[in-house]
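Work through the exercises below with the sequence and the coordinates open, and try each task before reading its solution.

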Amino acid sequence: MRAKEYLLQYQRAEQEINRLLEERARWEILAGKVDSAPGGGGRRGTAAARILDLEREIDAKVDRLIGFRREMEGVLSRLPNPREREVLLRRYVQGQGWEEVAEKMGVKANLKL
């Protein structure tokens, strides 16, 4: 696996967690609507069970993401140049665009259009 692909794994995992959090929020809204509807007891249980399943899935993925981040930080910590390490952390862990990375590090971005 190439270095860029390795680093992009973190971003993809974080995007998946965000998607699951959005799905959980939708189920919570649905559960609230079911609570206020007459005779919605059975559907409320379904919504609550789905929310619980999502929370478990999110927790497991967050745990894996934290482990992967620690692994990735360990790999990056072996880079001899601290500026290179900062660039990679900003870009792939913090998800900053190249322009933002350059700005935060006080460097002019050399962009070719």
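The model is predicted, so local features need pLDDT of at least 70 and side-chain atom pairs count only at pLDDT 80 or more, while totals for chains, interfaces and linings use all residues. Residues are numbered from 1 along each chain as its sequence is written, and side-chain values use heavy atoms, with hydrogens and water left out.

**Exercise 1.** Classify the ring pair of Tyr-6 and Phe-68, and state whether Tyr-6 is buried or exposed.

*Solution.* Start from the rule that rings of Phe, Tyr and Trp (its six-membered ring) pair if their centres lie within 6.5 Å, with planes under 30 degrees apart counted as stacked, over 60 as edge-to-face and the rest as tilted. This rule gives three aromatic pairs. For Tyr-6 and Phe-68 the centres are 5.2 Å apart and the planes stand at 65°, so the pair is edge-to-face. For accessibility, buried means under 20% relative accessible area, exposed over 50%, and partly exposed in between (1.4 Å probe, protein chains only). Tyr-6, at 16%, is therefore buried, and Phe-68, at 14%, is buried as well. Finally, ring pairs join Tyr-6, Tyr-10 and Phe-68 into a cluster.

**Exercise 2.** Describe the surroundings of the Tyr-92 ring.

*Solution.* Tyr-92 and Trp-98 form an edge-to-face aromatic pair, with 6.4 Å from centre to centre and 85° between the planes. Tyr-92 is buried at 7% relative accessible area, whereas Trp-98, at 39%, is partly exposed. Then test for a charge over the ring, which requires NZ of Lys or CZ of Arg within 6 Å of the ring centre and within 35 degrees of the ring normal; Arg-91 lies over the face of Tyr-92, at 5.9 Å from the ring centre.

**Exercise 3.** How many salt bridges does a search of the whole structure find?

*Solution.* Apply the criterion of a side-chain nitrogen of Lys or Arg within 4 Å of a carboxyl oxygen of Asp or Glu; the search finds nine salt bridges. Among them, Glu-86 and Arg-90 have their closest N and O atoms 2.9 Å apart, and both lie in helix α3 (residues 82–93), four residues apart, about one turn of the helix. Glu-86 is partly exposed at 29%, while Arg-90 is buried at 17%.

Note on methods: Helices (H or I, at least four residues) and strands (E, at least two) are DSSP runs, numbered from the N terminus.
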